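Below is a briefing on a ligand site and on one piece of the fold around it. The sequence and structure come first, followed by the notes.

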Amino acid sequence: MARIAFIGLGNMGGGMAANLAKNGHDVRAFDLNHAALDKAKKAGCLPASSAIEAIEGAEAIITMLPAGRHVEAVYADAVFDHAEPGAILIDCSTIDVDTARRVAEAAAARGLMAVDAPVSGGIAAANAGSLTFMVGGSAEAFARAEPFLADMGKAVIHAGVGGAGQGAKICNNMILGATMIATCEAFALAEKLGLDPQRFYDIASVSSGQSWSMTSYCPVPGVGPESPADRDYQGGFAAPLMLKDLKLAMEAAASVGAQTPMGQRAEELYAAFVDGEGATLDFSGIIKTLR
Ligand code: NAD
């Protein structure tokens, strides 16, 4: 089993680090937040007093941080100067494609192997060890990172070169944001047309309007498998995180001149939702604003 540094033990990283410890790894954990560090200790990780202390001697260095600026800072302040020469650097945070590419280039310039490996699946999947990882980096770096990621997830997929994991993640979530809004709109319209929501679900879920947003995460309470709609839109995938991902997708689209009118509209609608009652709700709660 390996010695692993894990930096960023929040909602996602806490469960991920715990699964690595459960799988027998020696996990040296660090977070600026003491409560997060205590929780990791209870889950079998060894708390470190700094990122540098966690990194020293580690075969794999995993980060799960809020945004690109945090990743770039941790890499510049600790990872680049203290990683063992053969260590694999794995950033699982969702960050902008440009920063992911910059980090990959800076690692390569120092002779270090790095991958961007953002996840699909939320806090429940992080705790259960059933995340999907989409990985950007060389074939060699992917092969080094895969066994560590497999201990935290159900699928590990090589997306392409450095930055491709982040590209896949934001394109996937752009589809998710747009299909959730489309699903919400359709259910709201069906209700106004006098259709019973369950009857409409029975029809659309086996017709061409079917999508993951409908059949795995239906935004209408009491319809489809259990989802945040059944808990008044508490828990799940927070609307501000969906907005974050849509903003990253729009930034990436602008940087390469891609046309994304649906993604842009989805971003506008989620921005308005998050400005109001959506600040603390699951992203499927946007149906409230469309009813
Ligand atoms: P979070 O805010 O709960 O956790 C981030 C942690 O990083 C915090 O504990 C914070 O103290 C720590 N941190 C920040 N700067 C640090 C530093 N310099 N050194 C050490 N620790 C530092 O966020 P989260 O929900 O765990 O999300 C983490 C990443 O995963 C984000 O990029 C997010 O977009 C992505 N993500 C989240 C979800 C989700 O459902 N929460 C799903 C998929 C992807």
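Helix 4 (68-82) and helix 11 (239-256) each contribute at least two residues to the shell around the ligand; helices are DSSP runs of H or I with at least four residues, strands are runs of E with at least two, and both are numbered from the N terminus. This is a predicted model, in which local features need pLDDT of at least 70 and side-chain atom pairs count only at pLDDT 80 or more, while totals for chains, interfaces and linings use all residues. Residues are numbered from 1 along each chain as its sequence is written, and side-chain values use heavy atoms, with hydrogens and water left out.

**Shell**
- Asn11, Met12, Asp31, Leu65 and Lys244 come nearest among the 24 residues around the ligand (a heavy atom within 4 Å).
- Domain 1 (3-162) and domain 2 (167-289) each give at least three residues to this shell, with bounds from an automatic or database domain assignment.

**Contacts with ligand oxygen atoms**
- Aspartate 31 places a polar side-chain atom 2.6 Å from a ligand oxygen atom.
- Leucine 65 has a backbone N or O atom 2.9 Å from an oxygen atom of the ligand.
- For proline 66, a backbone N or O atom lies at 3.1 Å from a ligand oxygen atom.
- Of the 830 Å² of accessible area that the ligand has on its own, the protein covers 83% (Shrake-Rupley method, 1.4 Å probe).

**Strands 8 and 9**
- Strand 8 (residues 131-136) and strand 9 (residues 153-160) run parallel, joined by six bridges (pairing takes at least two DSSP bridges).
- Leucine 131 is opposite glycine 153 of strand 9.

Terms used:
A polar contact is a pair of N or O atoms within 3.5 Å; within protein, one must be able to donate a hydrogen and the other to accept it, and residues adjacent in sequence count only if both atoms are side-chain atoms.
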